[in-house]
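The exercises below concern a predicted model. Please work through each task with the sequence and the coordinates at hand before reading its solution.

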Amino acid sequence: MAAAAPGSALRRLYLSAYNWVVFFGWAQVLCYAASALLETGHEAVYAAVERPLQFAQTAAFMEILHSILGFVRSPISTTLPQITGRLYITWGILWSFREAQSHILVTSLIISWSITEIIRYSFFGMKETFGFAPYWLLWLRYSTFLVFYPIGLLSEVGLIFVAIPSMKSSWKCRLMMPNKWNFSFDYRYELALTMALYVPGFPYLFRYMVAKRKKVLSARKTA
């Protein structure tokens, strides 16, 4: 067997390190969330996970670059909306509006996100590090989204609605004319656009993942 090219070996080393680092970030998020939920209640979940959540979710921005550069096979058409949508919720909603931070939907969001990502990053970490992943992990990777993706999406939409009253009353979300930039911005219009994108976005991404699940699991069974 021919030796792997230096560039290929470096790519695998980088992707292996990336996946395991982010895996441990999400594992920390889940542990902190469970501890806060059991000890204090859902009101304390966001405060407990804020820093590791921001790290783990923001690190996912690199996956857009991975897709563009061809480091992974995931198409940019599915990677971009999923990553940017989560970044919007992490920074544009949870970090920006305190009223949303203590809502019970934060708990369902964090649990669905963290379990999904722990499975996903451990799966790709195993593949990059060892060249394979066990079937049970493959099955979890391509099956748990059937439950957690809808839960996560409903939690995201719900938290956006929770933040709407603060958007209406807060001037920090608006830039009115006249100003030195000769530019106006109202966060509520951006919110309306985001909500509109959920309508075609969810069916598109869900159908893509269902088709991917069928293809991957069928190929593994016949291998």
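**Exercise 1.** What percentage of the 223 residues of the chain count as buried?

*Solution.* Applying the cut-off of under 20% relative accessible area, one finds that 43% of the 223 residues count as buried. The accessible surface of the chain comes to about 12,600 Å², and 69% of that area belongs to carbon and sulfur atoms.

**Exercise 2.** Determine which helices are tied together by the salt bridge between glutamate 128 and arginine 11.

*Solution.* Begin with the distance: the closest N and O atoms of glutamate 128 and arginine 11 are 3.9 Å apart, and the criterion for a salt bridge is within 4 Å.

**Exercise 3.** Find which residues salt bridges with shared partners join into one network.

*Solution.* Arginine 120 and glutamate 63 meet in a salt bridge with an N to O distance of 3.0 Å, linking helix H6 to helix H3 (residues 61-69). Both ends are buried, arginine 120 with a relative accessible area of 15% and glutamate 63 with 11%. Arginine 86 forms a salt bridge with glutamate 117, the closest N and O atoms being 2.8 Å apart, and both of these residues are buried as well. Through shared partners, salt bridges join Glu63, Arg86, Glu117 and Arg120 into one network.

Terms used:
Residues are numbered from 1 along each chain as its sequence is written. This is a predicted model: local features need pLDDT of at least 70, side-chain atom pairs count only at pLDDT 80 or more; totals for chains, interfaces and linings use all residues. Side-chain values use heavy atoms; hydrogens and water are left out. Buried means under 20% relative accessible area, exposed over 50%, partly exposed in between (1.4 Å probe, protein chains only). Accessible areas come from the Shrake-Rupley method with a 1.4 Å probe; for residues, only the protein chains shown count as cover. A salt bridge is a side-chain nitrogen of Lys or Arg within 4 Å of a carboxyl oxygen of Asp or Glu. Helices (H or I, at least four residues) and strands (E, at least two) are DSSP runs, numbered from the N terminus.
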